[in-house]
There are 2 protein chains.
Amino acid sequence: MEYRDKKAPSYHKWIKRLIKDGKQEALHELLMDLDEVEIANSLMQLKLKYQVDVIKALDREKTADVMSQLQDHEPIIESIIEKLNTEELGDIVEEMDKDDAADMMALIDDEMVQEILDELPAEDREELQTLLHFDEESAGGIMDPDVVHVLKDQNAGDATKRIKEYIKAKEIDEFYVIYVVDEHEHLIGRINLSQLFLADDQEEIRNIMDPDVIAVSTDMDQEKVASLAKEYDLVTIPVIDDHLRLVGRITIDDIIDVMQEEFEEDLAHVAGTGDEDVLDTSLIKASKQRLPWLLLGLVGGAMAAFVMRGYESSLARLPQVAYFIPVIAALGGNIAIQSSSLVVRGLATGELHTKQLMFRAWKEIRIGMINGIICAILLLFIAWWITDKWLMGLTTAGALLVVVFLAAFVGTVVPMLLKRMDMDPALATGPFITTTNDILGIVIYLAITISVYNTQM
Amino acid sequence: MEYRDKKAPSYHKWIKRLIKDGKQEALHELLMDLDEVEIANSLMQLKLKYQVDVIKALDREKTADVMSQLQDHEPIIESIIEKLNTEELGDIVEEMDKDDAADMMALIDDEMVQEILDELPAEDREELQTLLHFDEESAGGIMDPDVVHVLKDQNAGDATKRIKEYIKAKEIDEFYVIYVVDEHEHLIGRINLSQLFLADDQEEIRNIMDPDVIAVSTDMDQEKVASLAKEYDLVTIPVIDDHLRLVGRITIDDIIDVMQEEFEEDLAHVAGTGDEDVLDTSLIKASKQRLPWLLLGLVGGAMAAFVMRGYESSLARLPQVAYFIPVIAALGGNIAIQSSSLVVRGLATGELHTKQLMFRAWKEIRIGMINGIICAILLLFIAWWITDKWLMGLTTAGALLVVVFLAAFVGTVVPMLLKRMDMDPALATGPFITTTNDILGIVIYLAITISVYNTQM
């Protein structure tokens, strides 16, 4: 029994030492003792040349397990694939679950994929070809075509026999739900394995099955599949084709991977990064993914500078006006991002609908204004104290209120509009929304402050 | 078969109509036709007074299912609980899974909890009391004490009989893994239900079980439990006490809830919001949770204004210097948040260790500098063009490079230091890191630009 409470030991150091010392035998023994998670974690800590040595020291089955485990770390898989030949890859693909194999093959160039497919048994080849043809982010792209199913007009005993044969033929190790189909392969029900386990041999499948089975179509977006699974606490989701025939199942481990992927995508939008892997070592790739957001900030900043140039003489006469530009920009940006991130999450989880646009905007504006008024009162005194001019406190606080109002509005409305236009609402969090508000805030603030002072003087 | 591809119908409108028209019978019929997910979703769209009518129209079992479904929406549960009496709550608790019941009871005040416990059968009461005593965010707090287990010295046939009795007694509907214990209840192995299903009656449990079972202790943090489950693709995790005795199991639906919770916490830190529920209607609560981040921005902005006051005469003489403060602050903030959000994610998933601090900081600095140099070159020309002074372009670009260097460093090092001090690294994303960089950026920029101009003139 493994009692996981301490930190994992650093196997990668031992592995590196064994490779360096050329101890092939000892390396093989160590690796065969480790499970696929430990090997995958070690690989992520090793340099490419050692990674390939590790893979070559594994047997086919273990390699397949490790490659499945590494699924979320494309750069590592890609670099390992490059070092393997068609035959080696074919052997690995044959051992992998079909859905994992299809994911891996999406990273290999088309010509090689064809060569690998040619080496596979006919049935495997056909199934893989079908999977490769689905969009990677659709239910079809993440499903496993091997799904345990029985006929409605069987009794539990016959069904059990049929299942035993099927899982032996398909080498399935784990399944929790059995799907029921009619004679045309149409999905018509489900039975938990535990129910079948408890049933008497004579009971009819038709009588023990649950006809309320939730299924998804092959082209449903994976994010939607994940939210259905979460809502209904499903461990497996059946996938059906256009004719309502059962064509595959999506297991919970893939659902969890999708959730993680989608979370990280949302977070990347808020933070203005790309979908880079933490452990990826390519500086250029990381820089490239982050640059667009910075260029957006640069363009926004240039526009702000351009606006300020229009007030050059006023700023020279009254440089104190410039002091509060950073605080106005920061608070406007913060409030906009607070509203937008909440709206984006609500839209992603389905708790919020675009129909509620004005209702939600009004709520966000009120929340923003409560905080805006508190901040404005404090800013009034701060600005008064720093510049020793009560009018400066008053105009700055007033400008802040206008900026906050607009920030809450923009932060709510923009993601909802993007969603209505079928674009990713998460694009409107992070750098995009803060940049917009920086410019908006500075324009409003300067217009208000300078015009008040011009009438005063 | 339900084919989920279209939007869910708006049951809440029908429900509201039936309540308004006083059609009790029709309401009950409609509700009994809907599943717990549909009812929970409808409740979230209804006002409190209608929510209570809905709950009262359900039978106990359905109410229990709906309350479990609403778990992540504490405000709704809390307001419904308030409207129910001890007896009604006791009935609901008895129908719920123990772990869900314990979560719900954590929202009820202690006196009432005691009253509810007093009404329960002795065994249920004891189990619930044990659960309530664990930290809500620990393995003990999310586990279900009812776990299907068998003895190692049984054969498959006897084990099957024992399981059938156990799940009938405990009213367990779904289980996928059977744990194996010795005569002292120590956890020593696991069997997938599918393996037991395939085994012959005479086979010894000891021979078919997998002794490599991963277990967690009752006090392990739920985030760690979730990452173990994800790493090892586990559908259920067994929980053991200090004496290594099996005391419960955590199911995948709870793991998914934990993942969602932890992710939303991270996102809330980056966006500077609280753990507010999208559908919560309290403006004051939402404002209160968001205010601290805004006050942080306000303090930062006040400090920036204070720094700028030190340069008053220079700014009056050369107001153009002020034009580029927004762009310097924005880019510094963006780069810091890019680095910090990546580091925070890496720490959360365990892909990054605090030991790699300097290695990681150096990587982030190089990524930041590649982009910093590109932005600086562009800024050089932008500033030159806007002010018509090449020296302004040069100093602004130079200052940007220094700011970017520091931003990448701070963005990487601060979350890692927080983690080392056992604090939540996610605190150092979002408003905290941008505010720090705003001030730092403005100080550096003004110091560089103004001193260059002072020596020039």
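## Helices 2 and 4 of chain B

In chain B, the axes of helix 2 (residues 24-33) and helix 4 (residues 48-57) come within 9 Å and cross at roughly 75°, which makes helix 2 of chain B roughly perpendicular to helix 4 of chain B. The model described here is a predicted one.

On the side of helix 2 of chain B, the contact is made by B:Leu27, B:His28 and B:Leu31, and on the side of helix 4 of chain B by B:Asp53, B:Val54 and B:Ala57. Sorted by class, the residues of this contact of helix 2 with helix 4 of chain B divide into four nonpolar, one polar and one charged.

## Helices 9 and 10 of chain A

Two packed helices are described by the angle between their axes and the distance between the axes. For helix 9 (residues 110-119) and helix 10 of chain A, the axes come within 9 Å and cross at roughly 150°. Because angles over 145 degrees count as roughly antiparallel, helix 9 of chain A and helix 10 of chain A are roughly antiparallel to each other.

In this contact, A:Val113, A:Gln114, A:Leu117 and A:Asp118 of helix 9 of chain A meet A:Arg125, A:Leu128, A:Gln129 and A:Leu132 of helix 10 of chain A. The contact of helix 9 with helix 10 of chain A has four nonpolar, two polar and two charged residues.

## Salt bridges

Side chains of opposite charge can pair when their charged atoms come close. Counted over all chains, the salt bridges come to 31. A:Asp124 forms a salt bridge with A:Lys98, and the closest N and O atoms of the pair are 3.5 Å apart. This pair links distant parts of the chain, since A:Asp124 lies in helix 10 (residues 122-133) of chain A and A:Lys98 in helix 8 (residues 98-105) of chain A, 26 residues apart.

## A helix pair between the chains

The axes of helix 17 (residues 283-309) of chain A and helix 20 (residues 325-349) of chain B come within 8 Å and cross at roughly 160°, which makes helix 17 of chain A roughly antiparallel to helix 20 of chain B. The crossing of helix 17 of chain A and helix 20 of chain B is right-handed.

Among the residues that meet here are A:Trp293, A:Leu294, A:Gly297 and A:Leu298 in helix 17 of chain A, and B:Leu331, B:Asn334, B:Ile335 and B:Gln338 in helix 20 of chain B. The residues of the contact of helix 17 of chain A with helix 20 of chain B divide into ten nonpolar, five polar and one charged.

## How the two copies are related

Notes. Residues are numbered from 1 along each chain as its sequence is written. Chains are lettered from A and ligands numbered from 1 in the order in which they are written. This is a predicted model: local features need pLDDT of at least 70, side-chain atom pairs count only at pLDDT 80 or more; totals for chains, interfaces and linings use all residues. Side-chain values use heavy atoms; hydrogens and water are left out. Axes are lines fitted to C-alpha atoms, for helices over the stretch in contact, and angles run from 0 to 180 degrees between N-to-C directions. Helices (H or I, at least four residues) and strands (E, at least two) are DSSP runs, numbered from the N terminus. Angles under 35 degrees count as roughly parallel, over 145 as roughly antiparallel, 65 to 115 as roughly perpendicular and the rest as oblique. A crossing is left-handed if the near helix is turned anticlockwise from the far one by less than a right angle, and right-handed if clockwise. Contact means heavy atoms within 4.5 Å. Ala, Val, Leu, Ile, Met, Phe, Trp, Tyr, Cys and Pro count as nonpolar, Asp, Glu, Lys and Arg as charged, and the others, Gly among them, as polar. A salt bridge is a side-chain nitrogen of Lys or Arg within 4 Å of a carboxyl oxygen of Asp or Glu.
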